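Here is a short report on one protein chain. Look at the metal site first, then the fold around it.

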Amino acid sequence: MSMIPHANGSADDTTGADLRSWVEGADGSGFCIQHLPYGVFTKADRSPRVGVAIGDAILDLAAVAAAGGFADAVPDAQALFATDRLNPFMAAGPSVWQATRARVSRLLRAGAPDAHRAAAEALIPRSETTMRMPFEVADYVDFFSSLDHASNAGRLLRPGAATLSPNWRHLPVGYHGRAGTVVPSGTPVIRPHGQRRPPGAEAPVCGPSRRLDVELEVGFVIGPPSTLGGPVPIEHVGEHIFGIALVNDWSARDIQGWESQPLGPFLGKSFATSVSVWVTPLAALEPFRVPGPVQEPPVLDYLRTDHPWGLDLCLEIGLRSPGMVAGGAPHDVISRTGFAGMYWTMAQQLAHATVNGASVRTGDLFASGTVSGPVRGSEGCLLELTRAGREPLPLSDGSTRAFLEDGDEVVLRGSCGGNGRPHLELGEVHGKVMAR
Ligand code: MN
């Protein structure tokens, strides 16, 4: 159920499939008027500020605020939008998010000539802008919430042992990652160096990772903080979750495999985590909410909710070798998967992450864990796609990939829509692997 109330068909409905924008090219694009994701951008003559993507343009919310475009609907709009991070806006909470989104939707909607004129001056072609990290990451947590990923990883990393640990169906397993190395889409990823023990060797060596991998994930980001010492009950998580963004949790499998005994991921993942420069607000995802999967055995009460916290998203990984880049070829799609079947939902993840009394802060990023499906070609990382490197993937330039090579370009994409619903495309996550 929505924590952001809206009435279908009313002026405040921002997701109706029949809404149209006057902005050229917006209708039918992934950044249609039903989407309205938030980001932070700069332009030659402007300091960083908050914007909303629409078609191939950005609506400069600081300019809208300066022109009085939010009037009384959004108090302190200048302070929220004439800044280099989404954190103040995210901290303001659901009523401010709703008022802002309703106002932006009205400004960009076809059939409102006055609004059109007011907004046109604040509209900038995206080609003239540079995107920044959209929010300052407070803490970063990564889960392990795909049943297929957890099962595949168990089989590949611990052959012969039980594929799932005994706790897996009772709680969303996760670890605390490194907030300071979360980078925006487009940031090059420098191949990590570290300790690994080559197969069959007695002693470890230190050097560049030879098993660099991607992890296709969906993250959510926290708006208003919670109070230290108490949990966020599962029925209240919607008051804290601002929106979602695609995440690439780059992983060095050889470093990870050697160091994660007996504790969890450390240097094998902390070198870089890429996030989209566009954050899709929860309100835009209302038409795509679905119930989470049936959980067996039943979960404890604090993890139980009847509200549909699953998201019906289609996800994919694209890979481009240096040869394909040189030849101008597009990415090969090496994985296609869905997010709706994730065993643990973001509501359960947030309820669990705070059940011990740990508080959350504005800007906390929680990622889903690798999203894998049940069939070949739907796995969300190379470890699974190539069976730990034993079955390299053929690429369209004739080369093969067991793990990433220097010069490889990876893109993560996500979309939702169809069946009479609007079509949204999440902000992509790009990254190119570079030698140190
Ligand atoms: Mn991960």
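The donors of the manganese ion are spaced D-x72-E-x1-E-x31-D along the chain. Glu 215 sits in the loop between β12 (212-213) and β13 (216-222). Asp 249 sits in the loop between β14 (241-248) and β15 (251-252). The pair therefore ties together parts that are 34 residues apart in sequence.

This is a predicted model. In it, the protein donors are Asp 142 (OD), Glu 215 (OE), Glu 217 (OE) and Asp 249 (OD), and they lie 2.1 Å from the ion. Is Glu 215 buried or exposed? Glu 215 has a relative accessible area of 4%, which is under the 20% cut-off, so this residue counts as buried. Asp 249 is buried too, with a relative accessible area of 0%.

## Overall dimensions

The chain has 436 residues and a radius of gyration of 22 Å. A compact globule with that number of residues would have a value near 22 Å, so the two agree. Along the principal axes, the C-alpha atoms fill a box of roughly 70 × 55 × 40 Å.

The secondary structure comes to 10 helices and 27 strands. Take the contacts between residues at least 6 apart in sequence: 72% of them join residues at least 24 apart.

## Surface and charge

Buried residues account for 55% of the 436 in the chain. The accessible surface comes to about 17,900 Å². Carbon and sulfur atoms hold 54% of that area.

The chain carries 36 positive and 45 negative charges. Their mean positions are 5 Å apart.

How many of the 8 residues of helix α9 (residues 346-353) are buried? The count is 7, so α9 is largely enclosed by the rest of the structure. The buried residues are Met 346, Ala 347, Gln 348, Gln 349, Leu 350, Ala 351 and His 352. They pack against β6 (140-143), β13, β14, β19 and β22 (365-367). One of the manganese donors, Asp 142, has a number inside the range of β6 (140-143).

Helix α6 (residues 147-157) has the buried residues His 149, Ala 150, Ser 151, Asn 152, Ala 153, Gly 154 and Leu 156. What do these residues pack against? Their partner is α10 (382-385).

## Two residues and their contacts

Leu 171 lies in the loop between α6 and β7 (174-176). Its relative accessible area is 27%, so Leu 171 is partly exposed: the value falls between the 20% and 50% cut-offs. Leaving out residues up to four places away in sequence, Leu 171 touches Trp 344 and His 352. His 352 is among the buried residues of α9. How far is Leu 171 from Ala 53, 118 residues apart along the chain? Their C-alpha atoms are separated by 36 Å.

Gln 256 is part of helix α7 (residues 253-259). At 16% relative accessibility, Gln 256 counts as buried. Beyond residues up to four places away in sequence, Gln 256 touches Ser 251, Gly 268 and Lys 269.

## Backbone exceptions

Most residues other than glycine have a negative phi, and most peptide bonds are trans. The following residues depart from that pattern.

One joins Gln 261 and Pro 262, with omega about 5°. Pro 262 is in the loop between α7 and β16 (273-275). Another joins Glu 296 and Pro 297, again with omega about 5°. Pro 297 is in the loop between β18 (289-290) and β19 (310-311).

Leu 36 and Ala 71 have positive phi. For Leu 36, phi is near 55°. Leu 36 belongs to the segment before β1 (38-43), and at 2% relative accessibility this residue counts as buried. For Ala 71, phi is about 45°. Ala 71 lies in the loop between α1 (61-66) and α2 (77-81). Is Ala 71 buried or exposed? With a relative accessible area of 61%, Ala 71 is exposed.

Terms used. Residues are numbered from 1 along each chain as its sequence is written. This is a predicted model: local features need pLDDT of at least 70, side-chain atom pairs count only at pLDDT 80 or more; totals for chains, interfaces and linings use all residues. Side-chain values use heavy atoms; hydrogens and water are left out. Helices (H or I, at least four residues) and strands (E, at least two) are DSSP runs, numbered from the N terminus. The radius of gyration is taken over C-alpha atoms; the globule rule is 2.2 Å times the number of residues to the power 0.38. Buried means under 20% relative accessible area, exposed over 50%, partly exposed in between (1.4 Å probe, protein chains only). Contact means heavy atoms within 4.5 Å. Accessible areas come from the Shrake-Rupley method with a 1.4 Å probe; for residues, only the protein chains shown count as cover. Lys and Arg count as positive and Asp and Glu as negative; His and the chain ends are not counted. The place of a charge is taken as NZ of Lys, CZ of Arg, CG of Asp or CD of Glu. Donors are N, O and S atoms within 2.8 Å of the metal (3.2 Å for Na, K and Ca); water is not among the atoms, so sites may look incomplete.
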